[in-house]
Amino acid sequence: MEIDFENEAKNYPERGQVFDFLTPEQNPALNVDKSVLLYIESLSVSFDGFKAINDLNLYIRDGELRCIIGPNGAGKTTMMDIITGKTKPDSGLAYFGQTINLLEMDEPAIAQAGIGRKFQKPTVFENLSVWENLELAMAQSRDFLSLLRAKMSVEQMMEMSEILALIGLEEQIDKPAGALSHGQKQWLEIGALLMQKPRLLLVDEPVAGMTHQEMDKTAELLRSLAGRHSVVVVEHDMEFVRNLSEGGKTVSVLHQGSVLAEGTMAQIQDDERVKQVYLGE
Amino acid sequence: MIRLLDQDRGGKWLIGSLLLAIVLVPILNSLPESSSLHIPTYSISLLGKYLTLALLAVAVDLVWGYLGILTLGHAAFFALGGYAMGMYLMRQIGDRGVYGNPDLPDFMVFLNWQELPWFWHGFDQFWLAVIMVMLVPGILAFVFGFLAFRSRVSGVYLSIITQAMTFALMLAFYRNEMGFGGNNGLTDFKDILGFSLQSDQTKIGLFIASAIALILGYLLCRAITTSRAGRAVVAVRDGESRARFMGYRVENIKLWVFTFSAVLAGVAGALYVPQVGIINPNEFSPINSIEVVVWVAVGGRATLYGAVLGAILINYAKSYFTVELPDIWLFALGGLFVLVTLLLPRGVTGLLKRKEVE
C-alpha cells in the first residue's frame with residue numbers, strides 16, 4: 001500500500017499541534033545556526049587492526065530524515081556507538097550542533113544533551129511495566145534524589161497517555177514489558193525514545209521482526225517525527241528504506257567504514273559502485 | 001507511611017507482627033515463669049538478634065535484589081557499625097574492668113599502652129557513637145563504590161572485590177596494633193546509656209529498639225523501591241547500558257543505593273553487639289557475608305520482606321540445630337540452600353506468591 005504522506009499531512013494541518021508534546025526540548029548549549037545538527041568528520045576507529053570506521057564523513061541536517069544502509073560490517077552500529085559515547089574513536093570529530101563536542105562526553109551526558117538511541121534488539125526493561133518504562137524515559141531530572149521525590153504531574157500524565165496512544169499500547173500499560181510481543185517491544189522502545197524528547201534520534205533496524213502492517217505504521221511514525229527531530233535510521237530492509245526515503249530523502253550507503261554514496265534512493269540504485277558492493281541488482 | 005505498604009501484603013504482615021511483638025513481648029515476659037506463655041529473657045535477646053540480622057538481610061536485598069549487585073561483603077559494614085557501638089560500650093565500662101583502669105579499656109592495659117589512641121576519643125559520648133555507626137560504613141561504602149562503579153567493575157568481579165574487602169578488614173582487625181582488641185575483639189560490656197546490659201528491662205528495650213529499627217529500615221527501603229528512583233534502580237539492574245543511553249548516571253544510582261544499604265547494615269550491627277555482648281574480627285569473615293546472601297535467596301530476592309523471613313527462618317534453624325544436632329548443622333544449612341536453589345528459585349516468598357495466584 002502506497003501512502004502519499006506529503007498530501008496526507010496537508011489534509012491534517014492541525015496535526016503538528018496535536019503532537020506538540022513531541023517537540024524536543026531545546027538544549028541551551030545546542031547551536032544549529034548552520035542548520036546542521038550532527039557533524040562527523042574524518043572519523044576512524046579500529047579494533048585489533050580491523051578498521052571498523054575509516055575516515056567517515058557524515059552531516060545530518062536539522063530536521064532531516066536520513067536512512068543509512070550498508071552490508072554487514074559496514075560500521076553502522078560502530079558509528080552509532082561513537083555518536084552515543086559508547087566507543088571512543090581513534091581520530092576525527094563528532095559535533096552535535098556547532099558547539100557540543102560529543103567525543104568529550106559519556107553516554108548519560110550525550111543522552112541528556114538530546115540524542116536518543118534505539119537499539120537493534122528491542123531493549124526494554126522487561127521487569128518494569130509499559131507505563132514504568134515510559135516514565136523512566138520521560139524528559140526529567142535524572143538525579144537520584146530528585147527521582148526519589150518525583151511525582152507524576154498532570155502534564156506528564158497527559159504526555160504519557162498521548163505517547164501510549166501513538167504507540168498503541170494503551171491496553172497494556174500495567175503489563176510487564178517482558179510479556180509484550182516483539183513488535184510491541186519495538187514500539188515501546190520507540191515510545192520511550194520519544195519520551196526523552198531528543199533532538200536527534202538514532203534508530204537501529206527499527207523493523208527487524210515486524211509484520212508488514214507494523215512496518216508501515218513504523219515508517220509513518222518515523223516520517224512524522226522528521227522536521228521536529230532529526231532522525232537517522234539504519235536499516236537492512238530495502239523495501240522499508242524505499243518506503244521511508246520517498247520524496248527525495250537522502251540515503252547514505254556505508255561500506256567498509258566510510259560513506260560510499262549519498263543521494264536519493266533512485267540515485268543510489270543507479271550508482272555502479274553501490275550495485276557492486278551491496279544491492280547486487 | 002501506610003501508602004508505602006499499599007501493594008505490599010508481605011510488608012503489612014511483617015510490620016503488623018513487629019508492632020504486635022513490641023507490645024506483646026514485654027507483657028509475656030512479665031508473666032510468672034510457671035505460665036506456658038512466659039517468654040524467658042534470653043529468648044527475647046535471641047529474637048532481638050534475629051531482628052538485627054533481618055535488617056542486615058534487608059540491606060543486602062536492596063543491593064542484590066533491586067540493584068543487582070551480588071554483594072559478598074556486607075557483613076563488613078555490619079561489623080563496622082558493631083565496632084563503633086562496641087567502642088562506646090567499652091568506654092562505659094570505666095574503672096570496672098579487670099585492671100580497674102579508668103582511662104583505658106582492659107585490652108590496652110594488657111598491651112601496656114599508656115594512652116587512648118586518637119580514634120577512641122569521644123566514644124564515651126553516645127551521640128558520637130551513633131554518628132560513627134552510620135558514618136564509618138557509609139564512608140567505606142562510598143569510597144569503595146566510587147572506585148568500583150566508576151571503573152565499571154560488575155558481576156562476579158565486583159562480588160569478589162567485596163569479598164576481598166571484608167577479608168582484608170578481618171585481617172586488619174585481628175592485629176592488636178589496630179587498637180580494636182585484636183582477635184578478642186571488644187567484650188565484657190557493662191551498660192548502655194546508664195542501663196545495665198544484664199537487666200531484663202534493658203534487654204527488652206534493645207529488642208524493641210531492634211524491632212523499631214527494622215520497621216524504619218524496611219519502610220525506608222520500601223520508600224526507595226516504590227519511588228521513581230526505585231524503578232531506575234531496577235532499570236540499572238536489568239539494562240545497565242540502556243539506562244546509560246537514556247541519560248541515567250548508573251554509577252551515581254549504584255553509589256547512592258550501595259551507600260545507603262551500608263549505613264543500614266551498620267545500624268543493624270550496632271544493635272546486634274549489645275545483645276550478643278561481643279564484637280570480634282570473626283564478624284568480618286567472608287563466610288558471614290555469604291550467609292546473608294543465602295538468607296535473602298531462601299526468603300526470596302527483591303521482596304524485602306522475603307529477606308526478613310529468610311534471615312529469621314535460617315537463624316532460628318541455626319539456633320535450633322546447633323543445640324539439637326550440632327554435628328549436622330552445616331550439612332543442614334548446605335542442604336537447605338541446595339534445595340531452595342533447585343526447587344524454589346524465587347525463595348519461600350515466591351512459593352507463597354504462587355499459592356496466591358492459584
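Reader: What share of the contacts in chain A between residues at least 6 apart in sequence join residues at least 24 apart?
Author: That share is 69%. A contact here requires C-beta atoms within 7 Å. Keep in mind that this is a predicted model.

Reader: How do you know how far to trust chain B and the complex? What are the scores?
Author: Chain B averages a pLDDT of 92, and 98% of the residues score at least 70. For the complex, the predictor gives an ipTM of 0.87 and a pTM of 0.90.

Reader: What makes up chain A, and how many of its residues count as buried, as a percentage?
Author: Chain A has 12 helices and 10 strands. Of its 281 residues, 43% count as buried. To be counted, a residue needs 20 or more other C-beta atoms within 10 Å of its own.

Reader: Why are strand 2 and strand 5 of chain A said to stand at the edges?
Author: Look at the order of their open sheet first: it runs 2-1-4-5, with antiparallel pairing. Strand 2 (50-61) and strand 5 (100-101) of chain A each have a single partner strand, so one side of each has no neighbour in the sheet.

Reader: How do you know that strand 1 of chain A pairs with strand 2 and strand 4 of chain A?
Author: Pairing takes at least two bridges. Strand 1 and strand 2 of chain A have eight, in the antiparallel sense, and A:Leu43 stands opposite A:Leu56 in strand 2. Strand 1 (residues 36-47) and strand 4 (residues 91-96) of chain A are joined by five bridges and run antiparallel; there, A:Tyr39 has A:Tyr95 as its bridge partner. Both pairs pass the cut-off of at least two bridges.

Reader: What sits between strand 1 and strand 2 of chain A?
Author: Two residues, and the two strands form a hairpin. In the turn, A:Asp48 has a positive phi of about 50°.

Reader: Which strands belong to the open sheet with mixed pairing, and which are its edge strands?
Author: This sheet has six strands, in the order 6-7-8-3-9-10 of chain A. Strand 6 (115-118) and strand 10 (258-263) of chain A are its edge strands, since each pairs on one side only. On average, neighbouring strands are turned by 20° against each other, direction ignored. Strand 9 (residues 251-255) and strand 10 of chain A run antiparallel and share five bridges, with A:His255 partnered by A:Ser258.
Helix 3 of chain A packs on this sheet, touching strand 3 (65-69), strand 6, strand 7 (200-204), strand 8 (230-234) and strand 9. Its direction makes about 150° with that of strand 7 of chain A.

Reader: Why does the length of helix 11 of chain B agree with what a helix should span?
Author: Helix 11 (residues 286-299) has 14 residues, which at 1.5 Å a residue should span 20 Å; its end C-alpha atoms are 21 Å apart, so the two agree.

Reader: What makes helix 11 of chain B "mostly covered"?
Author: 10 of its 14 residues are buried. Among them are B:Val292, B:Val293 and B:Trp295. After the helix comes B:Gly300, whose phi is positive, near 120°.

Terms used:
Residues numbered from 1 in each chain as written. Chains lettered and ligands numbered in written order. Predicted model: local features only at pLDDT ≥ 70, side-chain atom pairs only at ≥ 80, totals over all residues. pLDDT = per-residue confidence, 0-100. Helix = DSSP H or I, 4+ residues; strand = E, 2+ residues; numbered from the N terminus. Expected span 1.5 Å × (residues − 1). Buried ≥ 20, exposed ≤ 12 C-beta atoms within 10 Å, placed from the backbone. Axes fitted to C-alpha atoms, helices over the stretch in contact; angles between N-to-C directions. Contact = placed C-beta atoms within 7 Å.
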